[in-house]
Amino acid sequence: MSQEPDPKPEAASEFEEQDNPSLRGIDYSEETNVTQIHESILREKIDPEEGQEPIPLFLIAVIGATLLFGGVYLGRHWGAFDGMAYDERAGAVVAGGNVGGAGGGVAGAGGAAVEEDPLLAMVKLGKRVYTANCASCHQGSGQGAAGQYPTLVDSPYVLDSERRLIAILLHGAEGPMTVKGNVYNGAMPAWGRQLNDRQMASVATYIRQEWGNKAGPITPEQAAAARLEFADRTKVYSEAELLAIEGPIVVK
Amino acid sequence: MNKLTTLFCGFLFTFVLAWLGLVIIPHFQFGQLQPFVNEDTGESFPPFRSGLANRGKQVYEANGCIYCHSQQVRPDYLSADMARGWGARRSVARDYIYDKPHLLGTMRTGPDLSNIGVRQPSEAWHHEHLYAPQSKSIGSTMPPFRYLYKIQKIQGEVSPNALKLTAEDAPAEGYEVVPTAEAVALVAYLKSLSQNYSLPEAKLSTE
Amino acid sequence: MSQNLKNMPVEANDALERAQVDASCRVPVLLFFATAIFWLVVGTVFGLIASLKLHDPYFIIELPSWFAFYLEKFSPAGTVEMINSSLTFGRIRPAHLNTVAYGWGSPAGLGVAIWLMARLCRVPLRYPTLVSAAGVLWNIGMVVGIGALLSGGSTSIEWLEFPPYVTFILFISFALISIWAVDMFVHRKPGHVYVSLWYIMAALFWFPWLYGTANILIQLAPAQGSVQGIINWWYGHNALGLWFTPLGLAAAYYMIPKVIGRPVYSYYLSAFGFWALALFYSWNGGHHLIGGPLPAWLITTSIVASVMMVIPVVVTAINHHMTMKGNFNVLRYSPTLRFVVFGAMSYTLASLQGSSMAFRELNAITHFTHYTIGHSHLGLYAFYTMIMFGSIYYIVPRLLGREWVSALLIKVHFWTCAYGIVTMVLLLSVGGAIQGWMLQHPENPLNKFSDIVEATKPWLRGRSISGCLIMVGHLAFAYHFALMLLKFGRSEGGPTLLAQPESNTDSAGSHS
């Protein structure tokens with residue numbers, strides 16, 4: 001420590017074992033007092049060591065409680081060791097796969113299905129169809145969006161002609177439309193290919209009795225009849241064309 | 001714990017356990033799923049995406065759509081995803097067997113898109129929304145993807161695929177906005193996003 | 001039997017040994033620190049831009065039209081589109097994440113780890129050229145990677161957005177350091193292996209495996225759909241838990257006892273905490289996919305492991321606290337200790353918050369929201385980054401033989417970043433909780449999606465402001481570091497402290 005080492009050992013290969021292979025890095029050019037170079041090192045304390053305190057008792061209790069909780073949770077929500085078992089709820093049906101939706105659960109897991117009023121079942125199905133397909137534009141409240149998606153609440157398009165309602169669902173509508181004094185200019189896609197007769201009838205039934213609307217249900221047979229009647233149509237409807245469609249659907 | 005071998009064995013053991021549990025076992029347990037084939041109609045689910053839609057998936061990936069949009073519907077006993085109209089059933093592993101890479105997403109700055117093809121099948125809507133999101137969703141913070149569109153001079157007649165834009169989004173007089181090939185592919189992909197089919201392990205609530 | 005080591009002077013041989021170690025570390029470690037600080041500034045800029053775009057979607061969406069007009073004339077076709085497309089949120093946001101994780105976080109941790117390895121093995125750094133080469137390679141990977149991200153080459157896999165040819169470069173760099181670390185360990189001076197060394201060795205062993213496996217199974221030989229999902233988050237969470245956390249804890253376990261001159265409270269707590277972390281942390285990944293398309297057993301297992309993390313976290317917190325007990329006054333003047341203790345406390349907070357977020361009931365509200373983002377910043381910034389700041393403040397004077405130039409710059413750095421991150425986490429947590437609550441209650445007609453977007457905007461604007469604060473802190477830090485590299489520091493006169501220590505403590509200069 002009292003002499004300055006050679007700045008560069010001769011012919012030193014980078015990877016050769018040397019006594020001090022890394023003294024090359026020290027920049028001695030600016031300082032002459034070696035102790036000052038190391039001031040920050042000199043004032044350091046010794047490197048940290050580890051004390052021998054034992055693990056506190058309360059901590060062992062905390063650890064035990066956590067482990068216990070973990071075990072209980074694991075047991076209750078394990079489901080089954082099955083790649084198809086998605087439902088973690090305690091007591092969920094596992095055999096034959098779980099059903100994901102609450103609606104499907106009514107028909108799914110074993111036991112006699114409770115006999116439900118068919119109209120109520122249609123309305124419930126209609127609500128699910130509405131939520132999955134229509135609510136993003138017409139909203140869960142049925143009120144739509146100003147200027148774009150017409151409100152369905154107290155709307156003549158919903159309440160009046162059954163034929164017109166199913167026609168809209170089958171082939172869509174576009175262009176300015178006035179509903180209850182407000183103008184909407186949106187584009188409604190055709191749902192005829194995506195919804196079958198039962199689904200179409202159910203969603204029509206649903207919107208005709210929801211949000212204060214009071215109009216009669218529409219049956220799947222009626223939806224099928226209307227589908228047949230308008231089968232040749234390939235374009236979306238405009239307001240004028242829609243207003244020309246009137247009357248109920250008569251099933252022959 | 002002063003020997004490298006002791007430490008090494010410890011690192012290896014703890015790591016391998018979780019690696020087995022979270023990587024290897026899942027791969028064997030639900031990582032080799034076959035599509036579900038409807039015996040009557042012969043349709044297989046999930047449906048294959050068209051080449052154009054696959055190209056669109058690449059556009060989706062290149063532009064980071066996953067950072068605002070998820071593609072997974074959670075079950076109705078845990079979340080309001082289905083009540084929001086984002087799906088008629090929860091998503092399951094089989095819905096993603098053709099996705100390389102997966103696009104499950106972790107943020108919902110924007111809505112979930114698993115079934116966007118179901119609830120918004122209109123191509124025109126998607127193009128207008130991509131070009132000027134605020135024109136379709138007031139207050140939206142989605143960035144306008146103008147670079148996926150071209151503004152060109154109208155040659156004679158307006159192009160059939162020109163976007164119908166209003167007010168501040170419309171181009172100058174005599175110009176029209178048309179989608180590039182990337183935008184067309186992206187919209188084809190968005191239209192293909194649908195989990196609207198039942199599987200034995202997850203039935204649609206709308207059936 | 002903890003001794004009061006406060007007044008024990010350092011032995012002359014120890015000092016010489018340390019001087020040699022530090023001198024040997026100088027170029028490689030400073031290279032990693034310079035890398036880290038450069039990318040920190042770049043990453044903070046990306047982060048600020050991304051934050052502004054979240055509430056102001058028209059912020060910098062394209063080149064100004066007059067500029068684009070001229071650029072179009074003098075550049076290949078498509079240049080303007082390429083630049084415009086690189087400005088979109090969907091590319092800036094992953095640029096931010098990858099820059100701060102792989103540009104700042106990893107090199108900072110590696111620089112600190114390399115120095116710690118050399119100090120704790122008590123041998124001068126072997127093969128410094130190898131380590132420096134790894135550092136250079138790292139930077140090449142970063143530049144190419146960020147360029148790829150911005151030009152649309154992202155893989156769209158969170159935390160693994162870099163294309164395969166970049167991850168290959170980074171993997172080689174990691175592997176070089178890991179091999180170097182084993183070589184150092186094997187050549188260490190005999191004696192007790194300190195806790196920091198376990199954490200560093202573990203991290204350097206685990207991370208290449210994580211990185212390699214995830215890249216292979218998601219990109220090169222992809223697993224099926226949702227299996228990719230669980231592999232993705234096995235990787236993503238373990239990058240935090242088995243890479244950043246061990247590096248942060250290794251630094252904390254060294255810096256805290258070192259600066260105050262006391263031993264760590266309990267070896268048993270250290271060992272137990274370490275192995276509990278190793279055992280439980282790696283199973284957490286599935287908690288990113290609660291409610292997702294994965295079987296119940298997998299999700300439940302991850303939730304349980306996430307809750308089990310309470311054990312190592314509480315153990316470590318007690319260990320650190322009991323070590324610090326009676327010495328909190330040192331926080332008044334030691335920059336290192338201030339940053340590191342802030343970080344260590346944040347570790348406890350972030351981890352306990354994380355365990356709570358794993359419960360399905362709470363997760364149903366926080367999943368997919370800004371709450372999660374607040375949590376990730378609490379972990380990666382308030383815990384990891386602050387500890388790295390503190391460690392860099394300690395190490396750099398020893399490498400350069402100069403003290404930090406300005407206590408004011410350190411104070412600016414600390415307070416802007418401390419206030420910045422606390423504000424950011426609070427704002428994102430509240431905003432995210434509101435967002436999540438509204439998402440879960442669509443039956444309320446006031447919770448339409450557009451309403452949710454409006455409701456989060458004020459919180460996001462606040463976050464941008466806190467981001468500006470943090471930007472100021474980082475610029476102060478980068479400027480200060482540059483000054484040090486340009487030889488502006490004092491070489492004598494004691495350390496740069498934030499206040500005057502009490503006169504009755506030991507050598508006043510030993511707390512930095």
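How much area is buried between chain C and chain B? About 7,000 Å² is buried there, and carbon and sulfur atoms give 66% of that area. Buried area is the accessible area (1.4 Å probe) that two parts lose on being put together, summed over both.

The model is predicted: local features need pLDDT of at least 70, side-chain atom pairs count only at pLDDT 80 or more, and totals for chains, interfaces and linings use all residues. Residues are numbered from 1 along each chain as its sequence is written, chains are lettered from A and ligands numbered from 1 in the order in which they are written, and side-chain values use heavy atoms, with hydrogens and water left out.

**View 1. Chain C as a whole.** Chain C has 16 helices and zero strands. Helices (H or I, at least four residues) and strands (E, at least two) are DSSP runs, numbered from the N terminus. Along the principal axes, the C-alpha atoms of chain C fill a box of roughly 70 × 60 × 45 Å.

View 2. Domain 1 covers 21-62 + 81-191, and domain 2 covers 215-487. These bounds come from an automatic or database domain assignment. The centres of the two domains, taken over C-alpha atoms, are 18 Å apart. Domain 1 of chain C brings 43 residues to the contact, and domain 2 of chain C brings 49 residues. Contact means heavy atoms within 4.5 Å.

View 3. How many salt bridges cross the interface of domain 1 and domain 2 of chain C? The rule finds zero. A salt bridge needs a side-chain nitrogen of Lys or Arg within 4 Å of a carboxyl oxygen of Asp or Glu. Polar contacts between the two domains come to 12 residue pairs, both residues at pLDDT 80 or more. A polar contact is a pair of N or O atoms within 3.5 Å; within protein, one must be able to donate a hydrogen and the other to accept it, and residues adjacent in sequence count only if both atoms are side-chain atoms.

**View 4. The domain 1 side of that contact.** Three helices of chain C each give two or more residues to this side: H1 (12-55), H4 (89-121) and H6 (164-186). H1(C) gives the most, with 17 residues. By class, this side of domain 1 has 29 nonpolar, nine polar and five charged residues. Ala, Val, Leu, Ile, Met, Phe, Trp, Tyr, Cys and Pro count as nonpolar, Asp, Glu, Lys and Arg as charged, and the others, Gly among them, as polar.

**View 5. Chain C against chain B.** The contact takes 93 residues from chain C and 74 residues from chain B. One salt bridge is counted between the two chains. Arg146(B) forms a salt bridge with Glu62(C), and their closest N and O atoms are 2.9 Å apart. Helix H8 (residues 225-260) of chain C gives the largest share of the chain C side, 11 residues. That side has 49 nonpolar, 32 polar and 12 charged residues.

**View 6. Chain B against chain A.** Chain B and chain A each put 31 residues into the contact. The area buried is about 2,500 Å², of which carbon and sulfur atoms give 53%. Tyr77(B), Glu201(B) and Thr206(B) supply 23% of the area that chain B buries here, more than any other three residues. The count of salt bridges between chain B and chain A is zero. Polar contact joins 11 residue pairs, both at pLDDT 80 or more.

View 7. Two peptide bonds of chain B are shown, Phe45(B) to Pro46(B) and Lys100(B) to Pro101(B). The bond from Phe45(B) to Pro46(B) is cis, with omega near 0°. Pro46(B) sits in the loop between strand E2 (44-45) and helix H2 (51-62) of chain B. The bond from Lys100(B) to Pro101(B) is cis, with omega near 0°. Pro101(B) lies in the loop between H2 and H3 of chain B.
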